[in-house]
Amino acid sequence: MGGGDHSARREIVITPTHEATRSAASTELASSTRELASFTDELFADLPRRDQRRWAHVCLEGLLTAPGRKSGHGMASALPADGGSCAATAQSLRRFINCSPWQWDAVYERLIRWTERRVTPKAWTVGTVLLPKRGSCSVGVHRYPDPAGGRLVNAQLGLGMFLSTGTLDIPVDWRLLLHERWCDDHALRRRARIPETVRHRPPWAHIVELAGALATRTGVAPAPVVVELPEHGDTGPLAAGLSRQGHDFMIAVPGSLAVLPAHPGGTATPLPASRLVTPGGSGTRTVTGVSSFGRARSVQVVSGPVRLPGAGGAGGGHGYRLLAEARGQGARPPRVWLTNLVHRSPAELLGLVGPSASTASTVRRLGEFGLLDFEGRSYPGWHHHMTLVSAAYTYHRLGGRRPTPLRPT
């Protein structure tokens, strides 16, 4: 009898607990759904039709929740049934990404402002992404070297601009590099729906354009532009372009970059950058920093003023400085940086380098949100896809953060 009473009491106690748990889970799901809906409404407020805004929400929900590959079918299968078939939902998602005529620039501007209300960027960083493709019909496909595999791969090459805090990186704009054949062949342009204003441009020109676009969209004070793409070269035009726009910057450069020492009595013969950041080398000084390329420890750095050959004086009116970590003989050559922040201390400059490594890690993680899963072939479709992936990742990282007052521009 006593055992029966105990069992009954246990039933009475446990049942409400399960109901409370289900109720809490339901409330949390409803709150999450409302937050995502509010986020979508803000970012896609310029879309003229209600059905466009609805499919933007459905697509973000699919990118955030679908396991595995984020294809149209994969996302549709993971979403709740909404009175239609999975195939119909998948087709509508593909149509919204590839055919719906909405402008991604307006979404990026709203994404930037939404992000800046929640975090304070320490740097504007540039990330590069290689998107392997089968066949030759997807817009921008070309044979590019794969740094990881050491071979040429059939792929699209994208450059992204990120707002970086040093530990958090938010993608807020993208550019697709187009080889000359995509721009010179009228049939290819028409088939890929490449706008007439889009032309082949080198990577440095895209980076300058990305920085200029972000400067017009930001609601806070601009941050230094940090670029770690030495394999693309063209340091001179990139530095000159960023300087013309008034950006502070740090650019990772190859050790073979030809520079001129800017100290009095320096040689007029260009020297490799790696020679000028050798400990004890001519025209350099060794100091102690408090941060080493994103790692909190005390290090020694080598820094010295330089000019770029043909830049017209000290960088066309802007002095430059080389910076590198001082390492002993036999160690791996350090990353060399060129900056126009000549009045910042080496410790401050080293603190700006960490966000670059953080951005590279973020680019890899974007694959979890469908970065590699674009199914279309057109230029607008590619940009729509990258915009939605960026928005989904941003919501995943910042959706629970409450907005804070903006600091003035």
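The term pLDDT stands for the predictor's confidence in each residue, on a scale from 0 to 100. This is a predicted model, in which local features need pLDDT of at least 70 and side-chain atom pairs count only at pLDDT 80 or more, while totals for chains, interfaces and linings use all residues. Residues are numbered from 1 along each chain as its sequence is written, and side-chain values use heavy atoms, with hydrogens and water left out. The protein chain has a mean pLDDT of 83, with 80% of its residues reaching 70 or more. Over residues 313–317, however, pLDDT stays under 50, and the model has 6 contacts (heavy atoms within 4.5 Å) for this stretch beyond four places in sequence.

Turning to salt bridges (a side-chain nitrogen of Lys or Arg within 4 Å of a carboxyl oxygen of Asp or Glu), a search of the whole structure finds 13. In one of them Asp373 pairs with Arg69, their closest N and O atoms being 3.9 Å apart. Asp373 lies in the loop between helix H11 (346–365) and helix H12 (379–398), and Arg69 in the loop between H2 and helix H3 (72–78), so the pair ties together parts that are 304 residues apart in sequence; helices here are DSSP runs (H or I, at least four residues), numbered from the N terminus. Asp373 is buried, at a relative accessible area of 11%, whereas Arg69 is partly exposed at 47%, where buried means under 20%, exposed over 50% and partly exposed in between (1.4 Å probe, protein chains only). Arg69 also meets Glu375 in a salt bridge (4.0 Å, N to O).

Terms used:
Helix = DSSP H or I, 4+ residues; strand = E, 2+ residues; numbered from the N terminus.
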